[in-house]
Amino acid sequence: MAESSETEVRPPEKIAETATKKTAKKAHLDFQVLTTLGILAGLYIGFGGLLATVALAGAEEAMPYGASRLLAGLAFTLGLILVVVSGAELFTGNTLLVLAWAEDRAGLGDVARAWALAYATNFIGSLLAVALALGAGLAMSGDGAFGAAALKTAQAKGEMSFGKAFVSGILANTLVCLGVWMAWGARSATDKILVIIPPIAAFVALNTEHSVANMSLIPLGWGVRDLAGSEFWEATGLTPAEYPDASLRGLVGNLVPVTLGNIVGGVLVGTAYWFAYLRPKKERGEE
């Protein structure tokens with residue numbers, strides 16, 4: 001009888017081996033490929049943010065807090081599912097490239113280059129998602145409920161303190177990278193989707209901070225505040241002055257600590273599994 005079957009879930013040590021190969025490949029992607037896949041990743045995460053905003057539109061008034069956050073989390077899973085199953089380069093997931101460096105399959109320069117390109121192109125894709133949403137007039141969806149939810153989200157993120165945003169970023173990307181890690185152990189598209197849903201729904205439900213998600217969520221609220229017409233403000237009874245941090249200042253003030261926290265969270269996941277499963281083999285001189 002064969003020792004394993006293609007239908008079996010890969011054990012943790014095999015996931016670590018797979019992760020090493022995948023991260024080494026990602027660290028050496030050429031500029032054109034990484035740029036294209038980075039833009040797609042930002043766009044896909046932006047789609048997840050748009051769907052989560054739809055889920056929140058009016059839900060917080062009609063449902064208990066926990067139920068509305070969980071609903072938004074489940075909706076947001078669309079983003080990472082598209083990234084993992086369709087194939088794209090997401091900065092936060094690529095913090096796991098620390099594995100390729102630890103295994104001497106990529107230099108620090110390779111890792112830094114991959115991170116920088118993914119981050120910049122994720123931003124471009126995120127803004128594209130926002131432009132499409134605003135151009136499609138989504139702000140007025142549900143008599144302005146969509147735009148109101150976008151404003152509330154952007155304001156909450158923009159006014160967050162540095163320390164809270166940093167720690168929240170660690171928590172968020174720990175969960176995101178666990179979702180990516182488990183997906184690397186899955187053998188089918190269905191398996192990948194099923195293992196992605198719980199950790200991604202959790203990080204959104206817990207209201208933690210993900211830099212690439214915020215690249216679309218804050219500009220979305222900022223765009224609603226600055227571009228919505230009088231019809232929107234009359235329909236919602238809101239005013240632009242209520243959302244001062246749905247702005248460039250709020251975006252920068254959020255992304256700096258959240259990005260740093262995301263790096264810490266991803267590196268913690270990668271180094272923990274390297275230490276547990278790959279370090280012993282490296283010390284024994286095994287490939």
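Threonine 53 is placed in helix α2, where helices (H or I, at least four residues) and strands (E, at least two) are DSSP runs numbered from the N terminus. With a relative accessible area of 3%, threonine 53 is buried, a class that means under 20% relative accessible area, as against over 50% for exposed and partly exposed in between (1.4 Å probe, protein chains only). When neighbours within four places in sequence are left aside, threonine 53 is in contact with Phe146, Ala149, Ala150, Leu217 and Leu220, contact being defined as heavy atoms within 4.5 Å. The model is a predicted one, in which local features need pLDDT of at least 70 and side-chain atom pairs count only at pLDDT 80 or more, whereas totals for chains, interfaces and linings use all residues. Residues are numbered from 1 along each chain as its sequence is written, and side-chain values use heavy atoms, with hydrogens and water left out.

Helix α2 (residues 31–56) also packs with helix α4 (residues 65–87), and the two axes come within 8 Å and cross at roughly 160°; the axes are lines fitted to C-alpha atoms, for helices over the stretch in contact, and the angles run from 0 to 180 degrees between N-to-C directions. The helices α2 and α4 are therefore roughly antiparallel to each other, since angles over 145 degrees count as roughly antiparallel, those under 35 as roughly parallel, those from 65 to 115 as roughly perpendicular and the rest as oblique. By class, the contact of α2 with α4 has 17 nonpolar, six polar and one charged residues, with Ala, Val, Leu, Ile, Met, Phe, Trp, Tyr, Cys and Pro counted as nonpolar, Asp, Glu, Lys and Arg as charged, and the others, Gly among them, as polar.

In helix α3 (residues 59–62) is found glutamate 61, which is exposed, with a relative accessible area of 65%. Glutamate 61 and valine 33 are 28 residues apart in sequence, and their C-alpha atoms are 44 Å apart in space.

The UniProt record, an unreviewed entry, places the feature "transmembrane region" at residues 37–58, 70–102, 114–140, 161–184 and 255–276; its positions are given in the numbering used here, feature names are shortened, and annotations may be inferred rather than shown by experiment. Over residues 70–102 the chain is 70% helix and 0% strand, with end C-alpha atoms 36 Å apart, while over residues 255–276 it is 100% helix and 0% strand, with end C-alpha atoms 31 Å apart.

Phenylalanine 203, in helix α9 (residues 189–205), is buried at a relative accessible area of 3% and, not counting residues up to four places away in sequence, touches Phe76, Ala172, Leu175, Val176, Thr208 and His210. Serine 211, in helix α10 (residues 211–227), is buried with a relative accessible area of 0%, and its contacts, under the exclusion of residues up to four places away in sequence, are Phe91, Thr92, Tyr119, Leu255, Val258, Thr259 and Asn262. Leucine 278, in helix α12 (residues 248–283), counts as buried at 5% relative accessibility. The C-alpha atoms of leucine 278 and alanine 16 are separated by 7.0 Å, although the two residues are 262 residues apart along the chain. Apart from neighbours within four places in sequence, leucine 278 is in contact with Ala16, Glu17, Thr20, Leu99, Glu103 and Tyr273.
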